[in-house]
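Please look over the sequence and the model below before reading on. The report then goes through selected helices and residues.

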Amino acid sequence: VRVIDALDDERGIDADWLAQRVLGIAVDADPEVIGYENLTGSHLASVLANHGWHDRLRRITGARAAAGVASLLVAVRNGTVVHDGSEELALDLSRAVGKSFGDGGTVFHRLSSASGGIPGAIALGAGFALAADELLA
């Protein structure tokens, strides 16, 4: 697993700026799939679709993300997944705790005693959800 880019801004992130940044990453990295969460990522998905990435976009629901986190936790316990040594990802994972999600699966929450976000952990769980979907397709 490799971290391509990460950003966090307590003031919020401009949707157009983010969409252009992700578009640039997509052009450079040429990913097989690009996941997005509909509530916060619909504008991003629209911009990417308008630039020819429609066939690679995958919407991630809460249930799918929860299944991905559960799969990630099993893979970590079994030693079948490792990350690239990214300090930022390691910090995110150290601040995250898994909690049961509604009908099954697990979601990441930030430890109440930790400061800082957990976007890397959340993205990794979403990536596991997308990978499972692609393998089963």
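## Terms and model

A residue is called buried when its relative accessible area is under 20%, exposed when it is over 50%, and partly exposed in between, using a 1.4 Å probe and protein chains only. The model is a predicted one, in which local features need pLDDT of at least 70 and side-chain atom pairs count only at pLDDT 80 or more, while totals for chains, interfaces and linings use all residues. Residues are numbered from 1 along each chain as its sequence is written, and side-chain values use heavy atoms, with hydrogens and water left out.

Helices (H or I, at least four residues) and strands (E, at least two) are DSSP runs, numbered from the N terminus. Contact means heavy atoms within 4.5 Å.

## Residue L57 in strand β2

L57 is part of strand β2. With a relative accessible area of 15%, L57 is buried. Not counting residues up to four places away in sequence, L57 touches I34, Y36, A45, L48 and A49. From L57 to E32 the C-alpha distance is 9.0 Å, and the two are 25 residues apart in sequence.

## Helices α1 and α2

Helix α1 covers residues 15–29 and helix α2 covers residues 38–53; their axes come within 9 Å and cross at roughly 40°. Axes here are lines fitted to C-alpha atoms, for helices over the stretch in contact, and angles run from 0 to 180 degrees between N-to-C directions. The angle makes α1 oblique to α2. Under 35 degrees counts as roughly parallel, over 145 as roughly antiparallel, 65 to 115 as roughly perpendicular, and the rest as oblique. The crossing of α1 and α2 is right-handed, a term used when the near helix is turned clockwise from the far one by less than a right angle, with left-handed used for anticlockwise.

On the α1 side, the contact is made by A15, D16, L18, A19, Q20, V22, L23, A26 and V27, and on the α2 side by H43, L44, V47, L48, H51 and W53. By class, this contact has 11 nonpolar, 3 polar and 1 charged residues. Ala, Val, Leu, Ile, Met, Phe, Trp, Tyr, Cys and Pro count as nonpolar, Asp, Glu, Lys and Arg as charged, and the others, Gly among them, as polar.

D16 lies in helix α1 and is partly exposed, at 46% relative accessibility. D16 and V47 are 31 residues apart in sequence, and their C-alpha atoms are 8.5 Å apart in space.

## Two loop residues

D30 is found in the loop between α1 and β1 (34–36). The phi of D30 is positive, about 50°, although D30 is not a glycine. D30 is partly exposed, with a relative accessible area of 46%.

H54 lies in the loop between α2 and β2 (57–59). Is H54 buried or exposed? H54 is exposed, with a relative accessible area of 54%. Leaving aside neighbours within four places in sequence, H54 is in contact with L48 and A49. H54 and E87 are 33 residues apart in sequence, and their C-alpha atoms are 33 Å apart.

## Helix α4

Which residues are buried in helix α4 (residues 87–95)? They are L89, D92 and R95. Seen down the axis of α4, the buried residues fall within an arc of 130°, so they line one face of the helix. The arc is that of the directions from the helix axis to the C-beta atoms.

D92 of helix α4 counts as buried at 4% relative accessibility. Not counting residues up to four places away in sequence, D92 touches G117, I118, P119, G120 and A121. D92 and A121 are 29 residues apart along the chain, and 5.7 Å separates their C-alpha atoms.
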